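Here are my notes on the model, point by point. Please read them with the structure open.

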Amino acid sequence: SLDSRLVEKAFQKVLLPIAPHDDILVKVEACMEVAGENAQFDIFTVLKSGQAIDEKLKSNLSTIGSFLDEKGLSWNSVEHETEQFSIGYSTSIIDYAASNGYDLVAVMTDVSAANRHYGNVDKESLLINDKGLQILSARA
(Lines give C-alpha, C1' and ligand atoms only; values in the text may rest on other atoms or scores of the structure.)
Protein backbone atom coordinates (compact mmCIF):
# COMPACT_ATOMS: atom_id res chain seq x y z
CA SER A 1 0.00 0.00 0.00
CA LEU A 2 1.04 3.59 -0.53
CA ASP A 3 2.79 5.16 2.45
CA SER A 4 0.28 7.60 4.00
CA ARG A 5 3.07 10.19 4.37
CA LEU A 6 3.27 10.35 0.59
CA VAL A 7 -0.44 11.04 0.22
CA GLU A 8 -0.54 13.53 3.09
CA LYS A 9 2.69 15.37 2.13
CA ALA A 10 3.98 14.53 5.56
CA PHE A 11 7.66 13.73 5.10
CA GLN A 12 9.35 16.05 7.60
CA LYS A 13 13.03 15.16 7.54
CA VAL A 14 14.49 14.78 4.05
CA LEU A 15 18.05 13.75 3.21
CA LEU A 16 19.37 14.95 -0.15
CA PRO A 17 22.66 13.17 -0.88
CA ILE A 18 24.67 15.44 -3.15
CA ALA A 19 25.70 14.06 -6.52
CA PRO A 20 27.45 15.35 -9.65
CA HIS A 21 24.31 15.38 -11.85
CA ASP A 22 23.73 18.38 -14.11
CA ASP A 23 19.97 18.18 -13.40
CA ILE A 24 20.22 17.88 -9.59
CA LEU A 25 17.17 20.05 -8.89
CA VAL A 26 14.87 17.36 -10.31
CA LYS A 27 15.08 15.38 -7.07
CA VAL A 28 14.60 18.48 -4.92
CA GLU A 29 11.48 19.47 -6.84
CA ALA A 30 10.15 15.91 -6.51
CA CYS A 31 10.73 16.02 -2.74
CA MET A 32 8.80 19.25 -2.47
CA GLU A 33 5.77 17.38 -3.82
CA VAL A 34 5.74 14.98 -0.86
CA ALA A 35 7.39 16.97 1.93
CA GLY A 36 5.44 18.52 4.75
CA GLU A 37 4.97 22.26 5.00
CA ASN A 38 7.72 22.67 7.61
CA ALA A 39 10.04 19.95 6.33
CA GLN A 40 13.77 20.08 7.03
CA PHE A 41 16.01 19.40 4.02
CA ASP A 42 19.58 18.28 4.68
CA ILE A 43 22.02 18.34 1.77
CA PHE A 44 24.33 15.42 2.51
CA THR A 45 27.90 15.02 1.31
CA VAL A 46 29.88 11.82 1.84
CA LEU A 47 33.61 12.48 1.86
CA LYS A 48 36.39 9.94 1.80
CA SER A 49 38.55 10.44 4.86
CA GLY A 50 40.99 13.31 4.30
CA GLN A 51 39.50 14.46 0.98
CA ALA A 52 37.81 17.77 0.24
CA ILE A 53 34.52 18.15 -1.61
CA ASP A 54 35.07 18.45 -5.38
CA GLU A 55 33.99 21.47 -7.44
CA LYS A 56 30.94 19.86 -9.11
CA LEU A 57 29.55 18.79 -5.73
CA LYS A 58 30.22 22.27 -4.31
CA SER A 59 28.37 23.77 -7.25
CA ASN A 60 25.38 21.42 -6.82
CA LEU A 61 25.28 22.07 -3.07
CA SER A 62 25.13 25.80 -3.80
CA THR A 63 22.45 25.28 -6.47
CA ILE A 64 20.24 23.25 -4.13
CA GLY A 65 20.78 25.64 -1.21
CA SER A 66 19.90 28.66 -3.32
CA PHE A 67 16.80 26.93 -4.68
CA LEU A 68 15.59 26.00 -1.18
CA ASP A 69 16.30 29.56 0.02
CA GLU A 70 14.20 30.96 -2.85
CA LYS A 71 11.35 28.68 -1.79
CA GLY A 72 11.69 29.75 1.85
CA LEU A 73 12.48 26.20 3.00
CA SER A 74 14.69 25.16 5.90
CA TRP A 75 17.92 23.36 5.03
CA ASN A 76 21.37 22.44 6.32
CA SER A 77 24.55 21.22 4.71
CA VAL A 78 25.89 18.05 6.32
CA GLU A 79 29.33 16.62 5.56
CA HIS A 80 29.99 13.05 6.61
CA GLU A 81 33.53 11.75 6.48
CA THR A 82 33.80 8.00 6.14
CA GLU A 83 36.50 5.39 6.27
CA GLN A 84 34.05 2.74 4.95
CA PHE A 85 34.06 3.84 1.33
CA SER A 86 34.38 0.80 -0.86
CA ILE A 87 31.93 0.58 -3.74
CA GLY A 88 29.79 3.67 -3.81
CA TYR A 89 28.14 5.78 -1.17
CA SER A 90 25.02 3.78 -0.31
CA THR A 91 26.27 2.27 2.96
CA SER A 92 27.21 5.67 4.35
CA ILE A 93 23.94 7.24 3.20
CA ILE A 94 21.76 4.42 4.58
CA ASP A 95 23.57 4.29 7.93
CA TYR A 96 23.46 8.07 8.38
CA ALA A 97 19.80 8.36 7.38
CA ALA A 98 18.70 5.50 9.61
CA SER A 99 20.66 6.64 12.66
CA ASN A 100 19.44 10.24 12.32
CA GLY A 101 15.73 9.63 11.83
CA TYR A 102 15.19 10.70 8.22
CA ASP A 103 11.72 10.05 6.74
CA LEU A 104 12.89 10.23 3.16
CA VAL A 105 16.10 9.96 1.15
CA ALA A 106 16.07 11.39 -2.37
CA VAL A 107 18.36 10.20 -5.14
CA MET A 108 18.57 10.60 -8.88
CA THR A 109 17.44 7.49 -10.76
CA ASP A 110 20.09 7.77 -13.45
CA VAL A 111 23.72 7.16 -12.63
CA SER A 112 26.01 10.17 -13.04
CA ALA A 113 28.85 9.98 -15.54
CA ALA A 114 31.34 10.24 -12.67
CA ASN A 115 29.96 7.08 -11.01
CA ARG A 116 29.24 4.82 -13.99
CA HIS A 117 31.43 1.94 -12.79
CA TYR A 118 29.47 1.32 -9.55
CA GLY A 119 26.41 3.54 -9.73
CA ASN A 120 23.77 0.94 -10.60
CA VAL A 121 24.77 -1.34 -7.74
CA ASP A 122 24.84 1.64 -5.41
CA LYS A 123 21.31 2.72 -6.47
CA GLU A 124 20.03 -0.81 -5.98
CA SER A 125 21.50 -0.93 -2.48
CA LEU A 126 19.68 2.29 -1.58
CA LEU A 127 16.36 1.18 -3.02
CA ILE A 128 16.33 -2.19 -1.27
CA ASN A 129 17.96 -1.03 1.96
CA ASP A 130 17.41 -3.22 5.02
CA LYS A 131 16.64 -0.26 7.31
CA GLY A 132 13.17 0.34 5.86
CA LEU A 133 14.08 3.82 4.63
CA GLN A 134 11.76 5.47 2.14
CA ILE A 135 13.70 6.31 -1.03
CA LEU A 136 12.48 8.78 -3.63
CA SER A 137 14.15 8.12 -6.96
CA ALA A 138 13.79 11.03 -9.40
CA ARG A 139 14.48 10.93 -13.12
CA ALA A 140 15.12 13.95 -15.29
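1. Aromatic pairs come first, with their rule. Rings of Phe, Tyr and Trp (its six-membered ring) pair if their centres lie within 6.5 Å; planes under 30 degrees apart count as stacked, over 60 as edge-to-face and the rest as tilted. Ring pairs link F44, Y96 and Y102 into a cluster.

2. A word on the source. This is a predicted model, where local features need pLDDT of at least 70, side-chain atom pairs count only at pLDDT 80 or more, and totals for chains, interfaces and linings use all residues. Residues are numbered from 1 along each chain as its sequence is written, and side-chain values use heavy atoms, with hydrogens and water left out.

3. Now the overall plan. The protein chain has 5 helices and 5 strands. Both are DSSP runs, numbered from the N terminus: helices are H or I with at least four residues, strands are E with at least two. From the N terminus on, the order is α-β-α-β-α-β-α-β-α-β. The chain has 140 residues, and 44% of them count as buried. Buried means under 20% relative accessible area, exposed over 50%, partly exposed in between (1.4 Å probe, protein chains only).

4. Two strands pair if DSSP finds at least two bridges between them.

5. Look at β2 beside β3. These two strands pair in the parallel sense over 9 bridges. K48 stands opposite T82 in β3. L47 lies in strand β2 and is buried, at 9% relative accessible area. L47 and T82 are 35 residues apart in sequence, yet their C-alpha atoms are 6.2 Å apart.

6. Back to the rings. The count is 2 aromatic pairs. F44 and Y96 are stacked, at 4.5 Å centre to centre with 25° between the planes. F44 is in strand β2 (residues 35-48) and Y96 in helix α4, so this pair ties together parts 52 residues apart in sequence. Y96 and Y102 have ring centres 5.9 Å apart and planes at 35°, so that pair is tilted. F44 and Y96 are both buried, and Y102 is buried too.

7. Which backbone nitrogen does the side chain of D103 reach at 2.6 Å? That of K13. A polar atom of the D103 side chain also lies 2.8 Å from the backbone nitrogen of Q12. A polar contact is a pair of N or O atoms within 3.5 Å; within protein, one must be able to donate a hydrogen and the other to accept it, and residues adjacent in sequence count only if both atoms are side-chain atoms. D103 sits in the loop between α4 (90-99) and β4 (104-108). Its relative accessibility is 19%, so D103 counts as buried.
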